[in-house]
Amino acid sequence: MHAAHSNNIGNSFPGPVAGEKLFPATDLVWGGGRALVERLVTDPPAGALYCLNLRVLSELVHSALKTLPTPYYAVKANSHPCILEEMARLGLTRFDIASLEELTAVQAILPDATCAFMNPIKSVQEIRTAHHLGVNAFALDSMAEMERLLKALPESSRCTFLVRIAVNQADAAYNMSGKFGATREESVALLRQLAAHGVATGITFHVGSQCLDPSAYDKAITEASRILKAAATPLTVLDVGGGFPARHRHTLSHLEWYGKAIRKALDRHKVTFGPALTVQSEPGRCLVAHAGSVAVQIKARKQNLLVLSDGRHGLLSDLWWMHGLHPMRRILCHTGHPPDRTTTGNPYSLFQLAGPTCDSHDFFPGPYSLPHDMAEGDWLEIGCLGAYCLELATRFNGYGSHQFMTVTPPNDHNHPADPENI
Ligand SMILES: Cc1ncc(COP(=O)(O)O)c(C=O)c1O
């Protein structure tokens with residue numbers, strides 16, 4: 001994923017204040033609960049422990065299937081086999097792939113999956129191989145890519161080529177316009193050329209990741225309709241991309257708002273799009289972010305700076321992009337016991353966090369509100385790290401090692417009504 005750093009959501013919400021509960025104002029369940037704590041006691045990792053909550057994942061998948069137009073899961077968000085298996089089991093069998101490796105990962109789990117190759121730049125060989133493996137939908141944003149597609153697939157009549165149009169990214173945390181997206185004029189020319197070659201065409205866009213304003217989809221659909229009108233060609237598929245946000249602290253966007261904005265915009269432009277249009281989406285982050293959490297140990301405390309056993313170059317890259325938004329809580333004390341639930345009114349202080357490497361950017365200013373007596377050896381669980389973090393983790397400086405576990409807690413597990421959430 002191209003992520004031009006704007007970091008605007010980190011700045012647009014008030015940070016926590018000392019004394020605030022760790023994950024206020026949320027109705028969301030998250031984390032690994034007791035099973036995670038038990039694992040930390042019996043088999044503590046050297047670096048971090050990545051925990052996938054399969055019950056939360058299942059809720060996210062059900063909600064996307066119910067709310068978004070035909071979702072193709074963007075595999076780049078998290079290609080772990082457990083995620084792909086669970087999605088297939090829950091009936092999500094369409095995937096947006098960006099590379100042949102992602103295609104192989106999907107087909108290893110679900111040989112009959114429907115995959116769309118949505119990376120707008122591919123080599124002729126990649127296109128041929130993907131098609132040979134059953135892929136029939138390909139994105140493009142240039143004449144050069146169209147030439148590559150036509151060269152690789154001379155019998156392109158069974159395929160759909162989707163033109164990736166450039167759209168406004170103002171409402172997203174991660175700008176995705178830096179590399180891809182044809183201008184209005186280029187898009188019109190591409191649609192006309194494709195129609196002249198007799199290929200089924202689509203339009204696709206990406207409003208930017210972690211998009212906090214549902215009206216961004218309305219604007220992008222309006223732009224697609226303007227382009228289609230100018231091209232005066234038929235359209236088979238409209239793909240509204242990804243960008244649907246994960247819900248952090250203070251991010252109160254509901255997926256339903258996005259589904260509604262999309263439906264309303266489609267309705268307004270139905271004459272332009274025509275009755276036979278297939279509408280689909282490519283959610284990544286919103287399907288997995290909330291299902292993943294990471295347990296890290298406090299290596300050292302220097303006043304109110306906590307140095308962690310993993311950081312920005314490991315599983316915590318998301319913290320660097322979105323300052324102060326991730327939910328977190330102490331789950332195990334250095335004594336080997338869970339925090340004492342019977343003491344009420346344990347005061348909180350504001351902390352900054354740092355990873356273990358020598359990079360001075362391996363630092364998260366937060367501030368994060370945590371129990372005032374956080375100490376070396378305590379374990380912290382950080383939530384909302386299910387998207388992109390596993391994919392982006394490196395072993396920089398010899399750090400970044402992690403273990404992986406899944407939990408499937410019972411329905412009533414970890415309910416927010418429990419003040420400590422475990
Ligand atoms: C083509 C494409 N589709 C979908 C996605 C998923 O986006 P998100 O995780 O914001 O939903 C991405 C992310 O990089 C992408 O590049």
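This is a predicted model: local features need pLDDT of at least 70, side-chain atom pairs count only at pLDDT 80 or more; totals for chains, interfaces and linings use all residues.
Residues are numbered from 1 along each chain as its sequence is written. Helices (H or I, at least four residues) and strands (E, at least two) are DSSP runs, numbered from the N terminus.

**Helix α5**
- E102, L103 and V106 are buried in α5 (residues 100-109), where buried means 20 or more other C-beta atoms within 10 Å of a residue's own, placed from the backbone.
- They lie on the same side of α5 because they cover an arc of only 100° around the axis, taken from the directions from the helix axis to the C-beta atoms.
- E101 and A108 are exposed (12 or fewer such atoms) on the face turned away from the buried side of α5.
- Packing against the buried residues of α5 are α4 (81-89), β4 (94-97), β5 (114-117) and α6 (124-132), with contact meaning C-beta atoms within 7 Å.

**Helix α4**
- I83, L84, E86 and M87 are buried in α4.
- Their arc of only 165° around the axis puts them on the same side of α4.
- The cover over the buried residues of α4 includes α3 (54-67), β3 (73-74), α5 and α12 (285-288).

**Helices α8 and α9**
- The axes of α8 (residues 184-196) and α9 (residues 215-231) come within 9 Å and cross at roughly 50°.
- R184, S187, V188, L191 and R192 in α8 meet I227, A230 and A231 in α9.

Conventions
Two residues are in contact if their C-beta atoms, placed from the backbone, lie within 7 Å. Axes are lines fitted to C-alpha atoms, for helices over the stretch in contact, and angles run from 0 to 180 degrees between N-to-C directions.
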